[in-house]
Amino acid sequence: LNVALNGQSFFYDFRYGYIPSFGFLNPNSFSQFIIVLYIFWVRNYFYSIMLSIVLYFTFKDIIFARSFYLILILQPLLLLGVKYIPEKILVMLPVMLFVCSIVLSLFLESDYGSFFNSMLSGRGYYSSLLISELNSIDKILFGVNKNMDDIPIDSSFVFLLYSYGLLAVSFFIFLYVRGLAIIYRSRDFSLIAVLISFLVYC
């Protein structure tokens with residue numbers, strides 16, 4: 001519909017030139033749409049391998065988002081091996097991802113920070129701009145009441161911390177930790193793979 005009404009079928013990227021956007025304003029939105037469907041639909045290891053191969057060869061010269069290809073590799077590996085990960089490590093994954101998101105934005109000047117920032121196309125730098133706005137206890141706990149639409153922020157943890165504060169992030173993480181523990185005990189490892197892939201992607 002967006003293509004028909006607005007002619008929005010390509011997006012200009014200074015690195016890759018004109019790339020298909022499939023009607024979305026940003027081509028990354030299309031890759032997000034595809035990968036979220038993939039994460040939630042495919043619960044079988046064999047099918048995940050087959051679909052990863054099909055998606056890779058279908059979109060390898062069309063989608064340039066690295067996170068898209070990361071999930072195509074990660075999801076089959078998780079479906080295969082998640083049951084071998086100890087519960088204590090697995091349930092702490094949301095905490096570890098949150099800490100890594102914050103540490104990346106705070107230590108951009110280090111060799112590791114610079115490397116990961118470049119691997120994530122500058123996401124660490126953009127996250128650091130939001131983190132720098134959290135300059136009082138009140139803002140850290142409850143977030144910043146200011147719109148930052150001009151900063152492309154893709155880290156859900158940093159966005160939650162900036163917008164709603166540490167209390168909201170802590171509640172969000174608690175729900176994931178508790179949910180992962182309950183699901184682990186019910187032995188639904190395919191659902192755990194879905195949640196981990198979704199958390200990593202976000």
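The structure holds two salt bridges, a salt bridge being a side-chain nitrogen of Lys or Arg within 4 Å of a carboxyl oxygen of Asp or Glu. This is a predicted model, in which local features need pLDDT of at least 70 and side-chain atom pairs count only at pLDDT 80 or more, while totals for chains, interfaces and linings use all residues. Residues are numbered from 1 along each chain as its sequence is written, and side-chain values use heavy atoms, with hydrogens and water left out. The chain has 12 helices and two strands.

**Confidence**

- The mean pLDDT of the chain is 84; pLDDT is the predictor's confidence in each residue, from 0 to 100.
- A score of at least 70 is reached by 87% of the residues.
- Among the elements of the chain, helix 11 has the highest mean pLDDT, at 94.
- The lowest mean, 66, belongs to helix 1 (residues 2-6).

**Overall build**

- Along the sequence, the pattern reads α-β-β-α-α-α-α-α-α-α-α-α-α-α.
- Helices (H or I, at least four residues) and strands (E, at least two) are DSSP runs, numbered from the N terminus.
- The chain has 202 residues, and 39% of them count as buried.
- Buried means under 20% relative accessible area, exposed means over 50%, and partly exposed lies in between (1.4 Å probe, protein chains only).
- Contacts here mean heavy atoms within 4.5 Å.
- Of the contacts between residues at least 6 apart in sequence, 54% join residues at least 24 apart.
- The accessible surface of the chain comes to about 12200 Å².
- Carbon and sulfur atoms account for 67% of that surface.
- Accessible areas come from the Shrake-Rupley method with a 1.4 Å probe; for residues, only the protein chains shown count as cover.

**The two salt bridges**

- D61 and K60 join through their side chains, at 3.5 Å from N to O.
- D61 counts as exposed because its relative accessibility is 58%.
- K60 has a relative accessible area of 35%, so K60 is partly exposed.
- R185 pairs with E87, and their closest N and O atoms are 3.1 Å apart.
- This pair links distant parts of the chain: R185 sits in helix 11 (residues 166-185) and E87 in helix 5 (residues 87-91), 98 residues apart.
- R185 is at 56% relative accessibility and therefore counts as exposed.
- E87 is at 23%, so E87 counts as partly exposed.

- The largest nonpolar core has 47 residues.
- The largest share of this core, eight residues, comes from helix 12.
- Such a core is a set of buried Ala, Val, Leu, Ile, Met, Phe, Trp, Tyr and Cys residues joined through side-chain atoms within 4.5 Å.
- Y38, F68 and I192 have the most contacts inside the core.
- Beyond its neighbours within four places in sequence, I192 is in contact with V82, L90, L180, I183 and Y184.
- A193 lies in helix 12 (residues 189-201).
- A193 counts as buried because its relative accessibility is 0%.
- Q75, L78 and L79 touch A193, leaving out residues up to four places away in sequence.
- From A193 to G81 is 112 residues in sequence and 9.1 Å in space, C-alpha to C-alpha.
- S190 also has its place in helix 12.
- S190 is at 19% relative accessibility, so S190 counts as buried.
- R43 and L79 touch S190, again leaving out residues up to four places away in sequence.
- S190 and N44 are 146 residues apart in sequence, yet 7.4 Å apart in space, C-alpha to C-alpha.

**A loop residue**

- R187 is placed in the loop between helix 11 and helix 12.
- Its phi is near 65°, a positive value in a residue other than glycine.
- R187 counts as exposed because its relative accessibility is 53%.

**A nonpolar surface patch**

- F10, Y12, F14 and Y18 form a nonpolar patch on the surface.
- Together they have about 580 Å² of accessible area.
- Patches are made of residues with over 30% relative accessible area and no salt bridge; like charges are joined within 9 Å, and nonpolar side chains (Val, Leu, Ile, Met, Phe, Trp, Tyr) within 5 Å.
- Y18 lies in strand 2 (residues 17-20).
- Y18 has a relative accessible area of 64%, so Y18 is exposed.
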